[in-house]
Amino acid sequence: MGFATDCIHAGQEPDPATNAVITPIYQTSTYAHDRLGETKGWGYARGDNPTREALERNLAALEGGKHGLAFGSGMAAITAISSLLNQGDHVVATDVVYGGTYRLFVTVLRRYGIETSFVDTSNLKKLEDAILPTTRLIFLETPTNPLMSLTDLAGAARIAKARGIPLAVDNTFASPCFQRPLEHGADLVVHSTTKYLNGHSDSVGGIVVMNDDGLREKLKHYQKSAGGILSPFDSWLVMRGTKTLAMRMRQHNENGMAMARHLESHGKVKKVHYPGLASHPQHALARAQMSGFGGMLSCELGGKGQAERFLNGLKLVTLAESLGGIESLACHPATMTHGAIPAEERQKLGISDGLVRLSVGCEDVQDLIADVDQALALV
Ligand SMILES: *Cc1c(COP(=O)(O)O)cnc(C)c1O
């Protein structure tokens, strides 16, 4: 089946109890036993919930994977992946990962004796050189937040496979509509469903997708034991979101491309970071491993003052953290999403005080461009 068909149908048969076309919200904590030792396969809702399981099947199908496991947030899903590690293990991660991921690895996992090397994985040589005999996980984000740099997924998978190290990819920015890391050799894909998958800025959640039965068994055990599950209502909301994922992403991509081109030609904008632009240093790789470029971009306006005047001047585009909803959002990475990274480190990574990030939504693009133009006039 095609991707749009899977968005609408995969994993969601009419409800076996009533033939309801839409999977119901099974808002229950427990399930009756017919007799002692006899159940219909559901026992207690931390372990089993038909609404969550329908979402897990749906998202597994969209990523081209066999198994999905849904968690209460993207960070809970990434924490689940980290549960595969033991004390003394080492991780190699992309240097400009999501701020919360950086915080988890540096301030939480380090206390359990797990060390992480953050490297520029867009350079496979640097990725390879960072691997130690104790490396037990490679964790990539591509495109990265907020500079939109890419890592060669197939190349990274070859390096990981040759050493038997599991490769996990945070695919939140591209969505499975435009990039499916399992098809390039990744072992685990993780999403904050809060973003494009739900798509309506009204739910927080996360998902891990994988093919390997052994990994699924370990992570299912972790999900049930640690208990950070996605609620039935949120599972239902995300499923409602994924039904329109294909058409939303088409619009995000079209608007993102138009906005990137417009900003690139604007005199007040010093630089635009968007993988769909020919000026992006990895445009060829983007074309090879992605089937679209999405709605995320960032641009350089000079200094903090310029960024501030622009962000405060926006009227239609909302100044807020998060991304991937149908409405357009703008943010200031240095003080908002990446505020947890020390200033010196941020400077090294290229996240300057003049950088602004846009999550280009699905509005009429001429309205978005008019808003951005009037805000740039204030800079
Ligand atoms: C938002 C985000 C996360 C964290 O997800 P939450 O749902 O906020 O916990 C992880 N990775 C990326 C790339 C994100 O954008």
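User: Which helices do the buried residues of α9 pack against?

Analyst: Welcome! This is a predicted model, where local features need pLDDT of at least 70, side-chain atom pairs count only at pLDDT 80 or more, and totals for chains, interfaces and linings use all residues. Residues are numbered from 1 along each chain as its sequence is written, and side-chain values use heavy atoms, leaving out hydrogens and water. Helices here are DSSP runs (H or I, at least four residues), numbered from the N terminus. With contact meaning heavy atoms within 4.5 Å, the partners of the buried α9 residues are α1 (3–9), α2 (50–62) and α10 (245–264).

User: How many residues of helix α9 are buried?

Analyst: Buried means under 20% relative accessible area (1.4 Å probe, protein chains only). Among the residues that qualify in α9 are P232, L237 and T242. Helix α9 spans residues 232–242 and is mostly covered, the buried count being eight of its eleven residues.

User: Which helix gives the most to the shell around the ligand?

Analyst: The ligand is surrounded by 15 residues, where near means a heavy atom within 4 Å. The closest include G74 and D170. With three residues, the top contributor is helix α3 (residues 74–82).

User: How far is the polar side-chain atom of D170 from a nitrogen atom of the ligand?

Analyst: A polar contact is a pair of N or O atoms within 3.5 Å. For D170 and the ligand nitrogen atom, the distance is 2.6 Å.

Terms used
A polar contact is a pair of N or O atoms within 3.5 Å; within protein, one must be able to donate a hydrogen and the other to accept it, and residues adjacent in sequence count only if both atoms are side-chain atoms. Helices (H or I, at least four residues) and strands (E, at least two) are DSSP runs, numbered from the N terminus. Buried means under 20% relative accessible area, exposed over 50%, partly exposed in between (1.4 Å probe, protein chains only).
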